[in-house]
Amino acid sequence: MVMNNYLAAWESHFTKNRPFLLSFSFRLTGSFSEAEDMVQEAFLACAGTDPATVSHHRSWLTKVCANKSLDLLKSAAKKRETYPGTWLPDAVPDVFQYWGNIEEGISPDKKLLNEETFTTGALIMIQKLTPEERVIWIMSDVLDYSFQEIGELLKKSEEACKKTAQRARLAFNNLRRNNLYSEESMNVIRKFYALASAGDAEGLEAMFAPDAEMWSDGGGKVSVSSMKILTDVKRMAKFIAGIWTAPFMNTPNVKQEYAAVNRMNGQVISRLTSEGVWVLETVSSIEVVDGKITRIYAQRNPDKLNALFIPHS
């Protein structure tokens with residue numbers, strides 16, 4: 001009875017902080033469904049604590065979520081090992097706003113870091129870190145927890161936590177590409193897909209950076225490129241031109257929209273089902289550097305895309 005009463009008492013605090021906890025957990029795992037599992041585990045862990053004894057509820061919930069995440073992250077890592085094809089983090093159109101807004105009053109540098117750690121490239125980098133490295137870096141650099149607090153949570157020394165955060169920080173800084181959403185970059189992407197719709201493979205090739213890559217995640221459920229990651233710009237150009245001139249892409253049952261995805265410029269392709277419902281077919285986040293396409297991350301796994309439409313309380 002006491003435990004049930006505590007959960008009921010935590011309900012309002014949990015509901016208020018749920019978008020924040022989801023954003024924290026999503027950064028750790030790159031998966032919306034796994035992030036939800038972590039947050040739910042954190043809520044259930046509230047059963048043994050009276051919220052009246054907690055002075056800072058968000059901070060307390062974040063620490064519980066971090067602690068619960070460690071075991072779940074290890075389990076998620078094993079799933080990655082057997083994942084069919086190329087794994088990509090979930091592509092979440094920003095219009096869905098599952099994460100809530102960035103807090104007011106934070107410094108411009110912290111706001112930029114907050115935004116950048118949602119990008120697809122950053123989420124891929126984070127997956128290369130160990131569970132402890134992820135938790136330490138995000139809690140220290142993104143959420144401003146002290147190394148003393150993190151050390152107490154993980155039962156590690158402050159110095160060890162500092163060194164871990166430094167390694168992760170270096171890895172992140174090495175991939176910074178200034179790829180957040182901008183109208184200038186979106187104009188480049190619109191031109192790119194206009195050429196694709198016209199079947200202009202040569203024009204597409206000219207718009208790629210020499211070291212451009214194309215990643216596609218079908219989850220073993222839908223077709224993607226036969227190569228894990230395409231790196232030949234000529235082949236990429238022909239591949240994209242072929243898709244965009246295919247008959248199924250030019251019917252009223254398919255629509256293309258340009259939108260912010262994972263805080264980056266992106267494109268959303270939807271398909272009208274026989275039941276008259278529009279569903280996500282492909283959600284891409286796209287890096288543009290100096291007017292050239294450098295990375296296309298195409299999320300096509302229907303399980304991941306469908307998870308975005310599950311009602312959330």
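Modeller: A compact globule of 313 residues would have a radius of gyration near 20 Å, and the protein has 21 Å, so the two agree. The model is a predicted one. Along its principal axes, the C-alpha trace spans about 65 × 45 × 40 Å. Buried residues account for 51% of the 313 residues. Of the contacts with a separation of 6 or more, 67% are between residues 24 or more positions apart. The exposed surface comes to about 15300 Å², and carbon and sulfur atoms supply 52% of that area.

The secondary structure consists of 12 helices and 6 strands. On the strand side, there is an open sheet of 6 strands in the order E2-E1-E6-E5-E4-E3, and its pairing is mixed. E2 and strand E3 (254-261) stand at the edges with a single partner strand each, so one side of each has no neighbour in the sheet. Strands of a sheet pair through backbone hydrogen bonds, in either a parallel or an antiparallel sense.

Strand E1 (residues 208-217) is the part to look at closely. Of its 10 residues, 7 are buried, so the rest of the structure largely encloses this strand. E1 and strand E6 (residues 292-299) run parallel and are joined by 6 bridges. With strand E2 (residues 229-230), E1 pairs in the antiparallel sense, over 2 bridges. There, Met 214 stands opposite Leu 230 of E2.

The buried residues of H9 are Ser 185, Met 186, Val 188, Ile 189, Phe 192, Tyr 193, Leu 195 and Ala 196. Ser 185 counts as buried because its relative accessible area is 13%, where buried means under 20%. Leaving out neighbours within four places in sequence, Ser 185 is in contact with Asn 265 and Val 288. Just after H9, Gly 199 takes a positive phi of about 75 degrees.

The nonpolar cores complete the picture. The largest has 57 residues, and those with the most contacts inside it are Phe 24, Trp 99, Ile 138, Met 139 and Ile 150. Among the elements that each supply at least two residues of this core are helix H1 (2-29), helix H2 (32-44), helix H3 (57-81) and strand E5 (278-289). H1 gives the largest share, 9 residues. Trp 99 touches several residues beyond four places away in sequence, including Pro 19, Phe 20, Phe 26, Phe 32, Phe 118 and Arg 263. Apart from this core lies another, of 26 residues, and Leu 195, Leu 230, Val 254 and Ile 269 are among them. Two of these names have already come up: Leu 195 is one of the buried residues of H9, and Leu 230 is the residue of E2 that stands opposite Met 214.

Definitions and conventions: Residues numbered from 1 in each chain as written. Predicted model: local features only at pLDDT ≥ 70, side-chain atom pairs only at ≥ 80, totals over all residues. Heavy atoms only, no water. Core = buried A, V, L, I, M, F, W, Y, C linked by side-chain atoms within 4.5 Å. Buried < 20%, exposed > 50% of the residue type's maximum accessible area, 1.4 Å probe, protein only. Helix = DSSP H or I, 4+ residues; strand = E, 2+ residues; numbered from the N terminus. Contact = heavy atoms within 4.5 Å. Pairing = 2+ DSSP bridges. Rg over C-alpha atoms; globule rule 2.2 N^0.38 Å. Areas by Shrake-Rupley, 256 points an atom, 1.4 Å probe, with all protein chains shown as cover.
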